[in-house]
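This report looks at ring-bearing side chains in one protein. The structure comes first, and the description follows.

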Amino acid sequence: MIRKCPAFPISNGMRIISWNVNGLRSLFNQGYWDWFEQEKPDIFCLQETKVEEGQLSPEVQKPEGYFAYFNSSKERKGYSGVAVYSKKEPKSVSFDVLPEKFNTQGRLIEAAFEDFVLLNVYFPNGGGSPEKLQYKLDFYDAFLEHIKKLRKNGKKVIFCGDVNVAHEEIDIARPKENEGHVGFLPEERAWMDEVLSAGFVDTFRHFHPDTKNAYSYWDTISRARDRNIGWRLDYFIVSQNLLPKIKRSEILSDVYGSDHCPVGLEVSSK
């Protein structure tokens, strides 16, 4: 299902779209890349690409009118991975801003632009074992320290991606049933509290504080999307010093192609 009209209408501002595509080659092969070509956002951030740059077709590797950057997992092929496509060339691009043990799975791209620093991140899932959960929590802490340093240095910060946690009960269809499940654990949700307390803003909740049934991920096996039994795992979070420039933050839930849907942010160009 691909919309024939823009899901995030064109305006005078900069449009940034973030999407966990659950396999970039699969997205392309199934025809859903057409949605990106239709939308033409100013910046397109992808997570869980599961691919190395050289494995992509030319139109995905180097779309016309875009600078493209890829970070793939060094640990194993077909796992994790992020990508950033930007109409404007960043001043700098970094892949290894966190401690070494967090830089091997292709989870982060940091792109510095004139008006802000953008971090596209695919946070660890944390499921499967206590060790994986601890790695996730350690990744969370290292990332928060990094963006706090950026903010302390006077930077305006946007970070987006699959954060792999539903923050509040409003962000998950069945909160009581999932209280003990990874993605809604108290320690994960407490980290989100820390982020917001450190001077950052969840932009969707800023504009839609009471909106219910607004999710960005649905389990495929149980066909949860048909019933909208979902989780809000995908975010645009900005530093408070950038908030006056943020005009909209939306969940594009009518766009298909993955078990996640895209989310969009509009930043004023004035």
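Rings of Phe, Tyr and Trp (its six-membered ring) pair if their centres lie within 6.5 Å; planes under 30 degrees apart count as stacked, over 60 as edge-to-face and the rest as tilted. The model is predicted, so local features need pLDDT of at least 70 and side-chain atom pairs count only at pLDDT 80 or more, while totals for chains, interfaces and linings use all residues. Residues are numbered from 1 along each chain as its sequence is written, and side-chain values use heavy atoms, with hydrogens and water left out.

The whole structure holds 20 aromatic pairs. One aromatic cluster is formed by Trp19, Trp33, Trp35, Phe36, Phe44, Tyr66, Phe70 and Tyr85.

| Pair | Centre to centre | Angle between planes |
|---|---|---|
| tryptophan 35 and phenylalanine 44 | 6.4 Å | 50 degrees |
| phenylalanine 44 and tyrosine 85 | 6.3 Å | 35 degrees |

In the second pair, phenylalanine 44 lies in strand E2 (residues 43-47) and tyrosine 85 in strand E4 (residues 82-86), 41 residues apart. Strands here are DSSP runs of E with at least two residues, numbered from the N terminus. Tryptophan 35 and phenylalanine 44 are both buried, meaning under 20% relative accessible area with a 1.4 Å probe, protein chains only. Tyrosine 85 is buried too, like phenylalanine 44.

Rings also meet charges. Arginine 76 has its charged end over the ring of tyrosine 79, 3.8 Å from the ring centre. To count, CZ of Arg must be within 6 Å of the ring centre and within 35 degrees of the ring normal. The charged end of arginine 225 sits over the ring of tyrosine 256, at 3.9 Å from its centre.

How values were computed. Buried means under 20% relative accessible area, exposed over 50%, partly exposed in between (1.4 Å probe, protein chains only). Helices (H or I, at least four residues) and strands (E, at least two) are DSSP runs, numbered from the N terminus.
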